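User: Could you walk me through reading a few local features in a model? I'd like the general idea and then the case at hand.

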Amino acid sequence: MNTSPIAFLKGHGTENDFVIVPDPDNALDLPAPVVAGLCDRRAGIGGDGLLHVVRSAAHPEAKAMAGEAEWFMDYRNGDGSIAEMCGNGVRVFAGYLERAGLVEEGDLAVATRGGVKKVHIAKGGEITVSMGRALLPEAGVTVSVDGRSWPARNVNMGNPHAVAFVADLEHAGELRSVPPFSPAEVYPDGVNIEFVVDRGPAHVAMRVHERGAGETRSCGTGACAVAVAAARRDGADPAVTGTPATYTVDLPGGTLVITEYPDGEIEMTGPAVIVAEGVIDPSLLTA
């Protein structure tokens, strides 16, 4: 059993916060209960999720991507479950790599379960992530809260989203539990649900229930899904017009700028902040 203290950092992207565990050689066992304990805001470090920093070549799920990306973001939700991608997490992951001297400002690639993501670290801390292309499955759902119901657009950003446009963000309710949706079979593995209001031309605000985490202060893939859904609602499809569509998305924790290009590629720009670092008592990993 490892009895040495284990390094960690704490970071956030528009207040979507993460426990960061550097483990280049994939030597740590991080089962779901341990991750949930580390993310616990009272008994642990606290976070919406955990960023396990591993070299791609050392992780069985990322070995095939090692030729494209040296580093793999082994992302876990706050309840310990595994997730395909986390947009804010990728920015914080890249911010950590630069802070640790493992990469420099400029372009890099990060392996995720949602594929290899291209990242650009600019001077001043802003980080742009190439989030891939959105898939727009035909099947949607109806989301219901406190007697109100809305149709929700199905958008997949490497993880599933249901985007509902509402008159008031308060109509989303408490968002600690999963808002009911039907038909359930559209999202057999669960879904992130976004509630969206307009703030102005190409400017929206949102709240989100993240699968496995409850309401979070920000969700990067959710902001991308919202921007795509808003663009289609507004009649903008860059693949048809040949013109990029850029939306400003306000979240409780800050603002992200999302651009969809004619080739379908989506870029997300926003901050990444490392706020603390320390060591984990190894007994927490075996409790």
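Predicted model: local features only at pLDDT ≥ 70, side-chain atom pairs only at ≥ 80, totals over all residues.

User: Which residues other than glycine have a positive phi?

Analyst: The general idea is that most residues other than glycine have a negative phi. Here, threonine 14 has a positive phi of about 45 degrees; threonine 14 sits in the loop between β1 (6–13) and β2 (16–22) and is buried at 3% relative accessible area. Asparagine 26 has a phi near 55 degrees. Asparagine 26 is in the loop between β2 and α1 and counts as partly exposed, at 24% relative accessibility.

User: And where is there a cis peptide bond?

Analyst: In general, most peptide bonds are trans. In this model, a cis bond joins serine 182 and proline 183, with omega about 0 degrees. Proline 183 belongs to the loop between β11 (181–182) and β12 (192–200).

User: How many disulfides does the structure hold, and why?

Analyst: You check sulfur-to-sulfur distances against a cut-off: a disulfide needs the pair within 2.5 Å. The structure holds zero disulfides. The sulfur of cysteine 86 is 6.5 Å from its closest cysteine sulfur, in cysteine 219, so that pair is too far for a bond. For cysteine 224, the closest cysteine sulfur is also in cysteine 219, at 8.7 Å, again too far for a bond.

User: Last one: is aspartate 48 buried or exposed?

Analyst: Buried means under 20% relative accessible area, and aspartate 48 counts as buried because its value is 9%. The aspartate 48 side chain makes a polar contact with the side chain of asparagine 16 (2.9 Å). Aspartate 48 also touches other residues, including Arg41, Tyr75 and Thr216.

Conventions. Residues numbered from 1 in each chain as written. Heavy atoms only, no water. Buried < 20%, exposed > 50% of the residue type's maximum accessible area, 1.4 Å probe, protein only. Polar contact = N/O pair within 3.5 Å; in protein donor to acceptor, adjacent residues only side chain to side chain. Contact = heavy atoms within 4.5 Å. Helix = DSSP H or I, 4+ residues; strand = E, 2+ residues; numbered from the N terminus. Lists of a residue's contacts leave out its neighbours within four places in sequence.
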